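Dear colleague,

I am passing on the structure we spoke about, and below it you will find my notes on what came out of it. Please read them with the model open beside you.

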Amino acid sequence: HALSPNDAPDSWLRISNISKHFGAFKALHDINLNIRKGEFVCLLGPSGCGKTTLLRIIAGLEVQDSGSLFMGSSEIGNLPPAKRNYGIVFQSYALFPNLTVAQNIGYALRQSRSHKTQRVNELLDLIDLNGIENRYPAELSGGQQQRVALARALATSPSLLLLDEPLSALDAKVRERLRQELRRLQQKLGVTTIMVTHDQDEAMSIADTVVVMSKGQIEQIGSPEQIYRDPASHFVADFVGRANWLPLCRSAHGVATLAGLPIKVELPPGADKASLFCRPEDVKIETHWHAGTDSMMAIVDRVDFHGGLRRASLSLCVDRAMSIFADVGPNDAGYATLEPGRRVPVSLPAHKVRVFAVAS
Ligand code: ATP
């Protein structure tokens, strides 16, 4: 059903029930997303999940089969791209090779010569490209080229900035620096931004809101913290960050069991099998085994150093095929005593674990 503009009062761009097929292939199913003014949104998901298709529909470069796009209360889904005043940067958005940096940036400006020069200078300042304005694209590094592309996209003061993997062709160091620069610039200008990426670190470090997509559908919309701490699905928990998974079964008495032992978690209603999820930093190494709790004995198989953390790989004594990772910091119990071959009690804090049904 089409939402009325009042359904999400603080939304500025509203994507409502968008679907898209390519032949018989369903690239997007019923996408709903509300974006606030000034928000930085990342569309995150594996290759082929439909993120670029969604961005192209927002840009007007692709037409949806059904559904609508609203800006405020106006429907914009049928406007041609040129009428939308969006700035767009693609991964390989080639700059015009025969134009200088300054000419590239000013390309879309329809102003008097003096106004244009002033605006181009502002943008050169903004994005720290002063001194190279007379160079041609072939004389720039990859990072500089993407900054020029960004300045060009921002030249007309767009209301919405659309970025499709703008940093993915750059090497790791340049990418990280540009990521921070992009965030700083976005906040300074307050321009609402939607960026497509398959890089979870990028999405988690830059976005206000992350939209996790899989197979043409939205799996979860939330802040980076929510997505990481409280994943809404098995897919999200596994795709973002590092995850431990342990198989749960329902016993004859109806309670959840792990390797045949009862464990105090709720199984999803009706499910006889489920997966227990826990982040490595939430696995606790105990100093003593406590009867009557969910602590279990485990054997340390190996210990790796990760900066300030020790990452232990453990297997459960009840079933050595069940293994988990524990990230242990210098102030955590067990840090000093972790070594391969040791038996240690571990526990999984109930408020940190999540349980997801397994399709049977
Ligand atoms: P990537 O990160 O690889 O770019 P993506 O999540 O951006 O992936 P899309 O480019 O949106 O994915 O594509 C979603 C699906 O739709 C893919 O399976 C793709 O092959 C298919 N697809 C996209 N464009 C077309 C097209 N013009 N014709 C046919 N199929 C298409």
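A residue is called buried here if 20 or more other C-beta atoms lie within 10 Å of its own, exposed if 12 or fewer, and partly exposed in between, with the C-beta atoms placed from the backbone. Helices (H or I, at least four residues) and strands (E, at least two) are DSSP runs, numbered from the N terminus. Please keep in mind that this is a predicted model, in which local features need pLDDT of at least 70 and side-chain atom pairs count only at pLDDT 80 or more, whereas totals for chains, interfaces and linings use all residues. Residues are numbered from 1 along each chain as its sequence is written.

The chain has 360 residues, of which 33% count as buried, and its secondary structure comes to eight helices and 20 strands. Along the principal axes, its C-alpha atoms fill a box of roughly 80 × 50 × 35 Å.

Helix H4 covers residues 142–154, and 10 of its 13 residues are buried; among them are Gln145, Arg147, Val148, Leu150 and Leu154. What covers these buried residues includes strands S6 (86–90) and S7 (160–164) as well as helices H2 (101–106), H3 (113–126) and H5 (172–189).

Four strands form an open antiparallel sheet in the order S2-S1-S4-S5, where two strands count as paired if DSSP finds at least two bridges between them. Strand S2 (25–35) and strand S5 (74–75) stand at the edges with a single partner strand each, so one side of each is left without a neighbour in the sheet. Strand S1 (residues 13–22) pairs with S2 over seven bridges in the antiparallel sense, and isoleucine 15 has leucine 33 in S2 as its bridge partner.

The ligand is surrounded by residues that include Phe22, Phe25, Gly45, Lys51, Thr52 and His198, the shell being made of residues whose C-beta atom, placed from the backbone, lies within 6 Å of the molecule. The elements that give two or more residues to this shell are S2 and H1, and H1 gives the most, with three. By class, the shell has four nonpolar, seven polar and one charged residues, where Ala, Val, Leu, Ile, Met, Phe, Trp, Tyr, Cys and Pro count as nonpolar, Asp, Glu, Lys and Arg as charged, and the others, Gly among them, as polar.

With best wishes

Conventions
The expected span of a helix is 1.5 Å times one less than its number of residues. Two residues are in contact if their C-beta atoms, placed from the backbone, lie within 7 Å.
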